[in-house]
Amino acid sequence: MQVHTTEINGFDIDVFNRYDLETGKTQGVCPLCSADRKRENQKKACASYDWERGLGTCHNCNETFQLHTFKRKGTATKVYVRPQPQVDKPISEKLRPGLVVEE
């Protein structure tokens with residue numbers, strides 16, 4: 001298995017291995033729940049790592065977590081344009097309610 005450290009599926013990696021896990025291992029501790037477990041179970045392997053996709057899955061807390069952080073594609077700021085106010089057209093005399101039109 002080859003571990004990519006710069007990009008995964010076209011996404012550039014910003015921080016590689018953000019939890020300081022053992023790179024290349026397929027199993028280990030969960031960075032999310034291992035600190036909350038009993039003292040004797042804190043070092044037990046409860047998570048699977050998929051370095052090719054950059055994801056980890058914990059079998060204890062059933063959470064999926066990202067092994068890396070990724071750079072944002074494109075611009076980070078959006079420019080919003082306020083819409084122009086609509087000008088109401090006057091109502092035709094024929095459509096005005098309460099007006100009797102004689103022919």
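S1 and S2 run antiparallel and are joined by two bridges. Strands pair when DSSP finds at least two bridges between them. Across that pairing, Ile8 has Phe11 in S2 as its bridge partner.

Before I go on, a word on the model. It is predicted, so local features need pLDDT of at least 70, side-chain atom pairs count only at pLDDT 80 or more, and totals for chains, interfaces and linings use all residues. Residues are numbered from 1 along each chain as its sequence is written, and side-chain values use heavy atoms, with hydrogens and water left out.

How confident is the predictor? pLDDT is its confidence in each residue, from 0 to 100. The protein chain averages 86. At least 70 is reached by 89% of the residues. Among the elements, strand S1 (residues 7-8) has the lowest mean pLDDT, 86. Strand S5 (residues 55-58) has the highest, 95. Where pLDDT is low, the predicted coordinates should not be read in detail.

Now the overall layout. The protein chain has zero helices and seven strands. Both are DSSP runs, numbered from the N terminus: helices are H or I with at least four residues, strands are E with at least two. Of the 103 residues, 18% are buried. Buried means under 20% relative accessible area, exposed over 50%, and partly exposed in between, with a 1.4 Å probe and protein chains only.

S5 and S6 pair over three bridges. Gly56 stands opposite Phe65 in S6.

Stay with Phe65, and turn to the rings. Rings of Phe, Tyr and Trp (its six-membered ring) pair if their centres lie within 6.5 Å; planes under 30 degrees apart are stacked, over 60 edge-to-face, and the rest tilted. That rule gives four aromatic pairs. One of them is Tyr19 with Phe65, edge-to-face, 5.9 Å centre to centre and 90° between the planes. Tyr19 lies in the loop between strand S2 (11-15) and S3, and Phe65 in strand S6, so the pair ties together parts that are 46 residues apart in sequence. Tyr19 is partly exposed, at 27% relative accessible area. Phe65 is buried, at 4%.

Another pair is Tyr49 and Trp51. Their ring centres are 6.1 Å apart and their planes stand at 70°, so this pair is edge-to-face. Both residues are buried. Together with Phe16, Tyr49 and Trp51 form one aromatic cluster.

Last stop, Ser34. Where does Ser34 sit? Its place is in the loop between S3 and strand S4 (47-50). Is Ser34 buried or exposed? Ser34 counts as buried, at 7% relative accessibility. A polar atom of the Ser34 side chain lies 2.8 Å from the backbone oxygen of Cys30. Leaving out residues up to four places away in sequence, Ser34 touches Val29, Gln42 and Cys46. Contact here means heavy atoms within 4.5 Å.

Conventions:
pLDDT is the predictor's confidence in each residue, from 0 to 100. A polar contact is a pair of N or O atoms within 3.5 Å; within protein, one must be able to donate a hydrogen and the other to accept it, and residues adjacent in sequence count only if both atoms are side-chain atoms.
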